[in-house]
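Welcome! Please keep the sequence and the 3D view open as you read.

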Amino acid sequence: MKVVIGGGTGFVGRALTQLLHSKGHEVIIISRQSGPGRITWEDLASKGLPPCDGAVNLAGENLMNPWRWWNESYKRDLVSSRVETTRALAQAISSSPQPPQAWVLVTGVACYKPSATVQYTEDSDWKEYDLLSRLVQEWEAAGRLPEESAARTRPVVVRAGVVLGREGGAVKQMLWPFWLGLGGPVGSGRQPFPWIHVSDLAGIIAHALEPAPAARGVLNGVAPAADTNGDFAQALAWALGRPALLGLPAFALNAALGPERAAVLLQGQRVAPKRTLESGFVFGYPDLGSALKEIVRS
């Protein structure tokens, strides 16, 4: 296949590109700068979508960027970097004389309202309740294809949990504190922690691009394990051979990240990958032990 990836230079994009190349597929990355195997977003707007078999959007400002203060400017960047790139790709797909067979948009599980008891699947109803859930609603709406286009191009939305990997995501920022024995659960530690290894997220996206079994609609990009933040802290400490005794109080995280952003870690959703499993996808890292062991030794 030939696959066009928006945001292909990021953490998940690099893993997806590597996986697709290993399967013999060709990748074209849409980024801010042109180069070999790349086009720019300006090229997409002026020249349209290159002929391809699949299109993916992973573009978006990093929610947990430690160098950005939580203010109105940052919030606008979070929304526009996701919604505008998604809309641009969706419009390019709809107007293409040779549309791709599959269109995969990666969003997040923030659409599901945090609960310690409710378990969400892809079939669960939800409605916006805060900034991030409104973002997911607007994000997915921007990627929706007109009915005629959706009949030609199979749309898939992958709602990802916390992505774990050594080269980015949550673990990258936590490794040093845990190495020094300063790690521990965030807040109470009892909040659900929907997570996924970056290799499995890349695998789900690649699986969704394949013409068989032709996945369609929403797939939850989370591991099939019901873990808490405390479980994650203990598993990471165990993988590193360190204690996990020093938790991070909620007030400290709220002060550092801002309440709306800190809620991603202080609250959580119990999310199950029901349709993902039914589609035939097999997780390489279905539990925290195997996932973190691979990350720590890599």
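## Strands and how they pair

Helices (H or I, at least four residues) and strands (E, at least two) are themselves DSSP runs, numbered from the N terminus. This is a predicted model, in which local features need pLDDT of at least 70 and side-chain atom pairs count only at pLDDT 80 or more, while totals for chains, interfaces and linings use all residues. Residues are numbered from 1 along each chain as its sequence is written, and side-chain values use heavy atoms, with hydrogens and water left out.

Between β1 and β2 the chain passes through α1, making a β-α-β crossover that is right-handed; that is, with the strands pointing away from the viewer, the path from the first strand over the helix to the second runs clockwise.

## Covered and open places

Is β1 mostly covered or mostly open? It is mostly covered, since four of its five residues are buried. Here buried means under 20% relative accessible area, exposed means over 50%, and partly exposed is in between (1.4 Å probe, protein chains only).

Helix α1 (residues 11-22) holds H21, which counts as partly exposed because its relative accessibility is 46%. From C-alpha to C-alpha, H21 and T9 are 14 Å apart in space, and they are twelve residues apart in sequence.

Now turn to W176, W179, L180, L182, L245 and L246, which make a nonpolar surface patch of about 730 Å². Patches are made of residues with over 30% relative accessible area and no salt bridge: like charges are joined within 9 Å, and nonpolar side chains (Val, Leu, Ile, Met, Phe, Trp, Tyr) within 5 Å. The areas come from the Shrake-Rupley method with a 1.4 Å probe, and for residues only the protein chains shown count as cover.

One member, L246, lies in the loop between α8 (229-240) and α9 (250-257). L246 is partly exposed, because its relative accessible area is 47%.

## Salt bridges

How many salt bridges does the count come to? The count is eight, where a salt bridge is a side-chain nitrogen of Lys or Arg within 4 Å of a carboxyl oxygen of Asp or Glu. One of them joins E61 and R68, whose closest N and O atoms are 3.7 Å apart. E61 is buried at 17% relative accessibility, whereas R68 is partly exposed at 22%. Another joins K75 to E72, with the closest N and O atoms 3.3 Å apart. These two are three residues apart in helix α3 (residues 72-95), so about one helical turn separates them.

D123 and R275 form a salt bridge as well, their closest N and O atoms being 2.6 Å apart. D123 lies in the loop between β6 (119-120) and α4 (131-142), and R275 in helix α11 (residues 274-278), so the pair ties together parts that are 152 residues apart in sequence. Salt bridges that share partners join D123, K274, R275 and E278 into one network.

## Cysteines and backbone details

A disulfide is a pair of cysteine sulfur atoms within 2.5 Å, and a search of the whole structure finds zero of them. C52 is buried at 10% relative accessible area, and C111 is buried at 0%.

Most residues other than glycine have a negative phi, and most peptide bonds are trans. The loop between α7 (198-209) and β10 holds P213, and the peptide bond from A212 to P213 is cis, with omega near 10°. A214 is in the loop between α7 and β10, and its phi is near 60°, a positive value in a residue other than glycine. A214 is partly exposed, with a relative accessible area of 33%.
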